[in-house]
Amino acid sequence: MNKTTLIGRLTRDPEIRTLQNGNTVATFTLAVDRTFKSRDGEKSTDFVPIVAWGKTAELCGEYLRKGNLTGVCGRCQTRTYEAKDGTNRFVMEVVAEEISFLTPKKEQTQSIDEMAEQYDFIEDDDTPF
């Protein structure tokens, strides 16, 4: 089974490209907070690369902006490529099958700091990890 569900904030505006075959692809990174703190009391964030195709990619380009709270359901995909310096690189990314735009339209014009002040994130110190 290969299903991934994430909720996080965009680290930058999506990059939208149209390939030679006419397909549209959107790429962006989602910052996803972990629900627990490390042993030293620090909260961690994972930065997950997301890829969307077709109409979904077009909608991402139209409606998503840096800082938007976004839900992504999809599948994990791995690939390798050769970098310009000749080394092989390994990439794991999520291919989006569904995207939920969770930032209300009226808040999309606010700064990230203004939005963060409106949300009280729950910290779960009882997670047994």
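# Burial, contacts and salt bridges in a predicted chain

Me: What share of the 129 residues in the protein chain is buried?
Reply: Buried residues account for 31% of the 129 residues. Buried means under 20% relative accessible area, exposed means over 50%, and partly exposed lies in between (1.4 Å probe, protein chains only).

Me: And what am I looking at here?
Reply: This is a predicted model, in which local features need pLDDT of at least 70 and side-chain atom pairs count only at pLDDT 80 or more, while totals for chains, interfaces and linings use all residues. Residues are numbered from 1 along each chain as its sequence is written, and side-chain values use heavy atoms, with hydrogens and water left out.

Me: How many helices and strands are there?
Reply: The protein chain has 2 helices and 6 strands. Along the sequence they follow the pattern β-β-β-β-α-β-β-α. Both kinds of element are DSSP runs numbered from the N terminus: helices are H or I with at least four residues, and strands are E with at least two.

Me: Which residues have the most contacts inside the largest nonpolar core?
Reply: They are F28, L30, I50 and V72, in a core of 16 residues. Strand 1 (4–10), strand 3, strand 4, helix 1 (54–63) and strand 6 each give two or more residues to this core. Strand 3 provides the largest share, 4 residues. A nonpolar core is a set of buried Ala, Val, Leu, Ile, Met, Phe, Trp, Tyr and Cys residues joined through side-chain atoms within 4.5 Å.

Me: What is L30 in contact with?
Reply: Leaving aside neighbours within four places in sequence, the partners of L30 include L6, I7, L10, F47, I50 and V72. R9 and D46 also belong to that list. Contact means heavy atoms within 4.5 Å.

Me: What about contacts across the chain, how many join residues at least 24 apart?
Reply: The figure is 56% of the contacts between residues at least 6 apart in sequence.

Me: Where is G71, and is it buried or exposed?
Reply: G71 is in strand 5. G71 counts as buried because its relative accessibility is 9%. Setting aside residues up to four places away in sequence, G71 touches L6, I7, E98, I99, S100 and L102. Between G71 and A96, 25 residues apart in sequence, the C-alpha to C-alpha separation is 9.7 Å.

Me: Changing topic: how many salt bridges does the count come to?
Reply: The count is 7. A salt bridge is a side-chain nitrogen of Lys or Arg within 4 Å of a carboxyl oxygen of Asp or Glu.

Me: Which side chain meets K3 in a salt bridge?
Reply: The side chain of E97 does, at 3.4 Å from N to O. This pair links distant parts of the chain, with K3 in the segment before strand 1 and E97 in strand 6, 94 residues apart.

Me: Why does K3 count as exposed?
Reply: K3 counts as exposed because its relative accessibility is 62%. E97, at 41%, counts as partly exposed.

Me: Which residue does D46 pair with?
Reply: D46 forms a salt bridge with R34, and their closest N and O atoms are 2.8 Å apart. Because D46 lies in strand 4 and R34 in strand 3, the pair ties together parts that are 12 residues apart in sequence. D46 is partly exposed, with a relative accessible area of 30%, and R34 is partly exposed with 33%.

Me: And D85, which partner does it have?
Reply: D85 has a salt bridge with R89, the closest N and O atoms being 3.4 Å apart. D85 counts as exposed at 54% relative accessibility, whereas R89 counts as partly exposed at 37%.

Me: Which residues do salt bridges that share partners join into one network?
Reply: The network consists of K3, R75 and E97.

Me: Where is K66 found?
Reply: K66 is in the loop between helix 1 and strand 5. K66 is partly exposed, with a relative accessible area of 47%. The C-alpha atoms of K66 and R12 are separated by 4.2 Å, although these residues are 54 apart along the chain.

Me: Last one: which residues lie nearest the centre of the second largest pocket?
Reply: They are R17, T27, V51, R79 and E93, among 15 lining residues. The lining divides into 8 nonpolar, 3 polar and 4 charged residues. Here Ala, Val, Leu, Ile, Met, Phe, Trp, Tyr, Cys and Pro count as nonpolar, Asp, Glu, Lys and Arg as charged, and the others, Gly among them, as polar. A pocket is an open set of points on a 1 Å grid over the protein atoms alone where a 1.4 Å probe fits, with protein on both sides within 12 Å along at least five of seven lines; lining residues have an atom within 4 Å of a point.
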